[in-house]
Amino acid sequence: MGRVRDWLRLALVSTACLAAFAGIVQTAAAESNGLAPTPPMGWNDWYSSYCNVNAQLVELTAQEMVNNGMKAAGYDYVNIDDCWMSPSRDAAGNLVPDPTRFPNGIATVAAYVHGLGMKLGIYEDAGTTTCAHFPGSYGHEAQDAATFAAWGVDYVKYDRCNIPYGDFPGESQQQVQQTLYTRMSNALKATGRPIVFSMCNPDPGDDPWLWGAPISNLWRTTTDIEDDFGSMLGNFEGTVGLYRDAGPGAWNDPDLLQIGNGGSSLLEYTSEFSLWAEMAAPLIASTNIGTLNAAERAIYENPNVIAVDQDPLGQPGVPIARADGLWVMTKNLSDGSRAVVLFNSNNAAATIATTATAVGLPGRRLYSVHNLWTNAVTETGGGITAFVPGHGVAMFRVSVESNRRAMKLTPHTVLSLNAADPQVDAGQSTTLYETLTNNGVSGVKRVALSLSAWPGWQVKPLGRPRIPLLAAGQRFTVSYRITAPASGPPLAMSIFSGAASFDPPDGRHTSSARLGELVSAPVGSPLATADKTTHPASFGASGRGLAISSRGVGVYNPPFGAAPTDSYAAIYRPGGAGRSSSAEATVTTDPAAGPQGGAGLIERDRMTAGKHSPAAVVLYVSGNATIVMAWNASGGADVDQHTAVPSVTVAAPVGLRLVRRGHVYAGYYSTDRGKTWNPVATETVAASASAGRQDVGVFHASGLSTWTTTASFTNLRVR
Ligand code: GLA
């Protein structure tokens, strides 16, 4: 079967390649219900209300979307997620809305929503029960589809929890899903009512993008999103490569928009919105619409970015560069222009550059560059550049221009900062470069650059900061020698602000740029550092404080049979743990993603050991805010067991203590600054992984190989 699937995948991919190459839009394979010619837009209650959804919330939200301009901006689906049902069907086997939360049933809510010119979505599941354990549609597909149609439902999200795979002996999970999702797709079509069909089956191996198009209008590509940058990045990275598989009527769905839920910065929300639009993803807000502030609403309602998402050509953006976390994407638009996203997935600001021909435009003398977030329109001879803050985007619509219009535009200039070394030790120096680039076809005059630093820094310009003319296509760079303050916290970010002023043809302009420089207080004896990630980590030690800035997937085996990881950074006492010893530290900040990312204590024979030297024990606060202990029980190459304290989530500071008696390790945690210690687990590590003295210390893994975060600790004590 594996081979058949591989063949099918190859056939689908190569057909899609040809289609993309020939500039053909993939309509042929799309769901034949004719719906969702552009990605659906709307709202879904899940991430604001979870199982507290009710009729009043849905109706109120619809009304708010009319009042706040979202409906006019294109958001027309109002979607109910899980938990709208009663725990059982009625005597005739019909689904029953929860009588308290939907006292007048779903049809009344649908009528209300329709009265506002909007449409209603609902949630069901292909299994025996939904993910929240309400009745599933398994064996009731036609009956439930008819019920939805009778109620006036316009959109069905269909989940994959609790599918009785045992009823399909010898079939793969994917095959069973194909059967069950096709069943519901046909049942919805048979009702005669136009109903968007949204598949929610993003588990590894389901690969709905390979088979979803003929039966559904959209399919989830990635796991449930969370409101943090790491999760957003993970879902973006898991979807962006699937651009060949989506098109009008059939969309990749990287999950619901989080803008407004409070877990990310405005900059990060702006990135989420831009990336989703560039991928032609559904724009479905999953937040409390009534409490959105003006800035969050402005993201949801940006007409330029919405137009990119909703472009009738329906071609998802294509990533054309992604070196070192700096992404360039281009999306072919129906008027011949290109939507270009320059996305910086790193923490530090960086210059990202591409050209008009690289993004797919024909070679011409002049182009206009419409910045879709600032609305500025500039001219370029071909260069497209932005200095993009960490976690941020620049998004442009680039068009071939007739000379006459473009000559009236101001040149596309960019001010950028770049440090020779993004990190210096306290008291040490590096060089910082400030550059103004003129991508335009006309010169800019009277150019003056300046740089300011935070207190404690010394800044010495190494050249003249002014020139009378910066010609078309040229760059002007001023170098500075910058010297960090002599002392400070373990790891601290300082901000440099650059400013440029110049006279383009149409009057005086200024621009500014900000760059962070990391200052570390070096880690010295008796402590040592270890970096087992794929990207350089930074370490600092000052007073009782320690800090580690790193990536790293983590220490124990990832789920779903993925390759083992041993990817973290540590500050430790070489040979500090004897056979009878105890280590303690307080985690004071711990930004990380998922159950394997986190910060805590680690103990193993050799901290810097290669892949096949077994790790012993970790005790840490995970990216999910749980306390996890993981250990090597088998003596194999990896930490192979883990346990989390059930039903407990914690917020820093969290004290951790690991007590070793020979091969037995006991973990404890404290959330009251060490007054009480709660047990985590007492576990036996394989003798081969806990024979003699061990290295012991604190470690950090961000949980993602593409995301750097900084964890800090105090009071590392080894006895
Ligand atoms: C799954 C889905 C989510 C949401 C919940 C509801 O986790 O992936 O999008 O619908 O179920 O229980």
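Visitor: Which residue in β39 is the bridge partner of Gly 598?

Guide: Ala 701 of β39 is the bridge partner of Gly 598. Strands here are DSSP runs of E with at least two residues, while helices are H or I runs of at least four, all numbered from the N terminus. This is a predicted model, where local features need pLDDT of at least 70, side-chain atom pairs count only at pLDDT 80 or more, and totals for chains, interfaces and linings use all residues. Residues are numbered from 1 along each chain as its sequence is written, and side-chain values use heavy atoms, with hydrogens and water left out.

Visitor: How many bridges join β32 and β39?

Guide: Two strands pair if DSSP finds at least two bridges between them. Strand β32 (residues 598–604) pairs with β39 over seven bridges, in the antiparallel sense. Strand β30 (residues 569–577) also runs antiparallel to β39, joined by six bridges, and there Tyr 572 has Gly 697 as its partner in β39.

Visitor: What describes two packed helices?

Guide: The angle between their axes and the distance between the axes. Axes are lines fitted to C-alpha atoms, for helices over the stretch in contact, and angles run from 0 to 180 degrees between N-to-C directions. For α8 (residues 229–240) and α9 (residues 266–278), the axes come within 11 Å and cross at roughly 10°.
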